[in-house]
Each structure stands twice: as C-alpha cells, then as structure tokens.
Amino acid sequence: MSTSPSSPSPESPAVGPAAAALPGYTPGTWTIDPIHSEVAFSVRHLGIANVRGRFDAFEAEIVLAEDPLESSVTAAIQIASVSTGHEQRDNHIRSEDFLHAAEFPEMTFRSTGVRAADGDGFLVDGELTVRGVTRPVTLDLELIGFGKGYEGRSVAGFSATTQISRKAFGVHGGAGGAALGDTVKITLDVEAGQAS
C-alpha cells in the first residue's frame, strides 16, 4: 500500500475511489453492530507461535462524508472484555502488568484523516490511546460494501488491519513480557447500521 496518494492531473479524476465509484455508498452516520463485528488481536509467543484474542465490548461511530476522504470514525473498547480463551491469561492481561483495566478501563481511537490507498482501499490515520498513552496509528481499511439488513435497514461492512508496538504504549507485561513479541497485530471486522 502506498502511504500517500499521488497528485491528480487537471484532466484526471481525483485520486482514490470517489463516492460515485463505490456501489451503494451512502453518506451519513453509522453505528457499529457489536453482534456482527469483531475486534481481534494476535501477538507472537516465544517467537514461534501466535496467541490470539479479542475484545467483546466496544462501540464506534462512523461518519461517511459526501467525499469519502472527509469521513471520520471514533471508537471505544472496554479493556475488561478481553478474551483469549484462558481465564488466567485474561486476568493477567487486565492487570497492571499489561493493560491495567482498573486504572484505564477504555482503549480509544479517533481518526485524524483518511487517504486513498492503492487499489480500492483507504488509509485511516488516527490516534490510539492505551493505558493513557496516545500514539499515531494508521488503519489499512477495506470498504467491503453496502446492503440492506433486517427490516430494510441500510448496513455497511468494513475490514481493517494495523500493527502497533505494545511497549510504545507502556505495555511491558511484567516478568512474563519477555516471552511475548513487541508487535501486536490488530484486525477489525465491522458491520455497521445507518443511524436513523
């Protein structure tokens, strides 16, 4: 993926997928459907395997502008909802060694800009806050499409990925942290409904 779009010539259309080129594109405010969405992560363990997990409680608002590159998103994830399929490990992740849920109950994301990427994708720049530390991150976003859900409600699908350094957010892991890689891969699969 390129990190920035090239400048269009006066005779050519704007770089990146314009709204007219996105079938069913509907500007407006969209809210995430947590039942049909997932916030997942993985981190390398002992350098040879991946440990995977997810957060089960989260909310987000997506504002699709007439120009897709003017769109925005805000999200909040409840740290206590972490789930890796192992209760002892989940409690450790909630502890001060890792995400310190008691002191910092939420992880938040706020977009600061949207750029066109190669092909049909987008790059969503933003600020991620974990344990009270805010760092810039970029989501590699695919707009999967638009359709109609139950009772005719408009729905939209998105998928996004990014990678962060856990240590950059003060997540050191205590004595067990040495067994874990620094890079955390984050995967978002989102279904959102248009707000009425």
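What follows is a short exchange about labels and the values behind them. The model is predicted.

Me: Where does Arg131 lie?
Reply: Arg131 lies in a loop. The loop runs between β8 (122–130) and β9 (133–148).

Me: Why is Arg131 said to have no salt bridge?
Reply: Look at the nearest side chain of opposite charge. That is Glu96, 5.4 Å away. A salt bridge needs a distance within 4 Å. So Arg131 has none, and yet Arg131 is buried.

Me: What makes the approach of Arg131 to the backbone oxygen of Glu96 a polar contact?
Reply: The side chain of Arg131 reaches that oxygen at 2.7 Å. The cut-off is within 3.5 Å. The backbone oxygen of Phe98 lies 2.5 Å from a polar atom of the Arg131 side chain. Therefore both distances meet the cut-off.

Me: Which residues does Arg131 touch, leaving out those up to four places away in sequence?
Reply: Among them are Asp97, Leu99, His100, Phe104 and Phe169.

Me: Why is Arg153 called partly exposed?
Reply: Its relative accessibility is 41%. Buried means under 20%, and exposed means over 50%. The value falls in between, so Arg153 is partly exposed.

Me: How do you know that Arg153 and Gln194 come together in space?
Reply: They are 41 residues apart in sequence. Their C-alpha atoms are 7.1 Å apart.

Technical notes. Residues are numbered from 1 along each chain as its sequence is written. This is a predicted model: local features need pLDDT of at least 70, side-chain atom pairs count only at pLDDT 80 or more; totals for chains, interfaces and linings use all residues. Side-chain values use heavy atoms; hydrogens and water are left out. Helices (H or I, at least four residues) and strands (E, at least two) are DSSP runs, numbered from the N terminus. Buried means under 20% relative accessible area, exposed over 50%, partly exposed in between (1.4 Å probe, protein chains only). Lys and Arg count as positive and Asp and Glu as negative; His and the chain ends are not counted. A polar contact is a pair of N or O atoms within 3.5 Å; within protein, one must be able to donate a hydrogen and the other to accept it, and residues adjacent in sequence count only if both atoms are side-chain atoms. Contact means heavy atoms within 4.5 Å.
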